[in-house]
Structure formats: C-alpha cells, structure tokens
Amino acid sequence: MSIESPAHSNYCHVALRAGTASSGRPVFETLPARKVGPGTYELMGSPGMVEGCAAGDLLKIDADGLFQVELRGPNLCIQTFSELPFSAESLESLTSSFAPLGGLVEAPADRRFIVVTVPAAAGFPAVEAVMETWAAGVNALLEWGFSNVFGPDGEPLNWWHEAQA
C-alpha cells in the first residue's frame, strides 16, 4: 500500500502492517519510501512499531500492508519504548551518543517512542554499549531492542554477515 508524491514520482509513503487492534482491525505504520518497481520499495526511514525491517531495506509490499524483505540494507533498527514519554534531554543525549557511530535517532513530537537507525558496520558491541549506558541514565522504566535482527523464532537472522562479505 503506497501514497505517491506527485512532486517526486519515485518518492512516496508506504503503509506497513504493524499488527491488529483489539477491534480486530489492522494497524498500519506509514513510512517514507522510494518506489523501485511494481510493489517494491526501498525504505527511507526505520519503523517505530513494525518489526523486521530498517531504512535501506528493499521490501515487496502487498495491498494489505504485509511485506517481505527482498534485500537487506546496511542498517540496524532499534526501537525504544517507555512507560512515560522520553524527555527532550534524554533524546538529545541518545542522539549525541549515536553520532560517532553514524546513527540517526528519531522520535515523534510526543516522544512516546524512539527509533535509532545505525549502520550494522558500527558493530553490535558498540551499539549495545551506547544503548545500555543511555538507558541507565533515563529515569523511567524502558525497553529497547533490535527490530530487524531476530526472526519470529527468536534466532538471529545473520543478514549482517552477508553484508560484510
């Protein structure tokens, strides 16, 4: 499912299925993308709710918002949630911490979640160190995790090894 921009015919927004509401209706997350073929899009931003993809991935998306990753991009996607909105200071701190790794930190205006896009080449130890140090300084209960590293069975997807080869 996509909404194309008339100004830039290749650039659009795609609606990916994020889950199902308690009413049974599907929930979608809208993300910037670039159309590269029929039903095929390159994500230009990492999702905050959808699992399994990141900015730079090439996705085949059906009319219901369900997708398959056709080709992995170079990025990890980290999603962070808290019981309370994140403070502007904590968002700024995380942004500064990821800058040396080439990471991009984003959040909606209400800061109810944070999304980090960082090159897998930065390495898991460096990314995990930044997240753990930052999380220890946040005065709220929070959860963070990689959204495009593990499959449905919890096993690592290992796509980053192929990207480094």
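**Close-up 1. The antiparallel pairing of β5 with β6 in the predicted model.** In this predicted model, strand β5 and strand β6, which covers residues 67-71, pair in the antiparallel sense over four bridges. Within this pairing, Ile 61 has Phe 67 of β6 as its bridge partner. Five residues stand between the two strands of the hairpin, where Gly 65 takes a positive phi near 85°. Strand β5 also pairs with strand β4 (residues 40-43), again in the antiparallel sense, and here over three bridges; in this second pairing, Thr 40 stands opposite Lys 60 of β5.

**Close-up 2. The two faces of strand β5.**

**Close-up 3. The open sheet of four strands.** The strands follow the order β8-β9-β7-β10, and their pairing is antiparallel. Strands β8 (104-106) and β10 stand at the edges with a single partner strand each, so that one side of each is left without a neighbour in the sheet. On average, and with direction ignored, neighbouring strands of this sheet are turned by 15° against each other. The pairing of β8 with β9 is antiparallel over three bridges, and within it Glu 106 stands opposite Val 115 of β9. Helix α1 packs on the sheet, where it touches β7, β8 and β9, and its direction makes about 5° with that of β9. Helix α2 lies across β7, β9 and β10, and it runs at about 170° to β10.

**Close-up 4. The largest nonpolar core and the surroundings of Trp 134.** This core has 23 residues, of which Leu 76, Ile 78, Leu 94, Phe 98, Ile 114, Val 116 and Trp 134 touch the most other members. Two or more residues are given to the core by each of β7 (75-82), α1 (88-98), β9 (113-119), α2 (124-136), β10 (142-146) and α3 (159-164), and the largest share, six residues, comes from α2. When neighbours within four places in sequence are left aside, Trp 134 is in contact with Thr 80, Phe 86, Ser 90, Ser 93, Leu 94, Ile 114 and Leu 142. Apart from this core lies another one, of 11 residues, among them Cys 12, Val 14, Leu 31 and Val 50.

**Close-up 5. Aromatic pairs and an aromatic cluster.** The structure holds six aromatic pairs. One of them, formed by Phe 81 and Phe 113, is tilted, with 6.2 Å from centre to centre and 45° between the planes. Phe 81 lies in strand β7 and Phe 113 in strand β9, so this pair ties together parts that are 32 residues apart in sequence. Phe 81 is partly exposed, with a relative accessible area of 36%, whereas Phe 113 is buried, with a relative accessible area of 12%. Trp 159 and Trp 160 form an edge-to-face pair, with 5.6 Å from centre to centre and 80° between the planes. Both residues are buried, Trp 159 with a relative accessible area of 5% and Trp 160 with one of 9%. Together with Phe 124, Trp 144 and Phe 146, these two tryptophans form one aromatic cluster.

**Close-up 6. The three salt bridges.** Arg 34 and Glu 42 meet through their side chains in a salt bridge with an N to O distance of 2.7 Å, and Arg 34 is partly exposed, with a relative accessible area of 26%. In a further salt bridge, the closest N and O atoms of Asp 57 and Arg 72 are 3.5 Å apart. Since Asp 57 lies in the loop between β4 and β5 and Arg 72 in the loop between β6 and β7, this pair ties together parts that are 15 residues apart in sequence. Asp 57 counts as buried at 0% relative accessibility, while Arg 72 counts as partly exposed at 26%. Asp 110 forms a salt bridge with Arg 112, and here the closest N and O atoms are 3.1 Å apart. Asp 110 counts as partly exposed at 39% relative accessibility, as does Arg 112 at 45%.

How values were computed:
Residues are numbered from 1 along each chain as its sequence is written. This is a predicted model: local features need pLDDT of at least 70, side-chain atom pairs count only at pLDDT 80 or more; totals for chains, interfaces and linings use all residues. Side-chain values use heavy atoms; hydrogens and water are left out. A nonpolar core is a set of buried Ala, Val, Leu, Ile, Met, Phe, Trp, Tyr and Cys residues joined through side-chain atoms within 4.5 Å. Buried means under 20% relative accessible area, exposed over 50%, partly exposed in between (1.4 Å probe, protein chains only). Contact means heavy atoms within 4.5 Å. Two strands pair if DSSP finds at least two bridges between them. Axes are lines fitted to C-alpha atoms, for helices over the stretch in contact, and angles run from 0 to 180 degrees between N-to-C directions. Rings of Phe, Tyr and Trp (its six-membered ring) pair if their centres lie within 6.5 Å; planes under 30 degrees apart count as stacked, over 60 as edge-to-face and the rest as tilted. A salt bridge is a side-chain nitrogen of Lys or Arg within 4 Å of a carboxyl oxygen of Asp or Glu.
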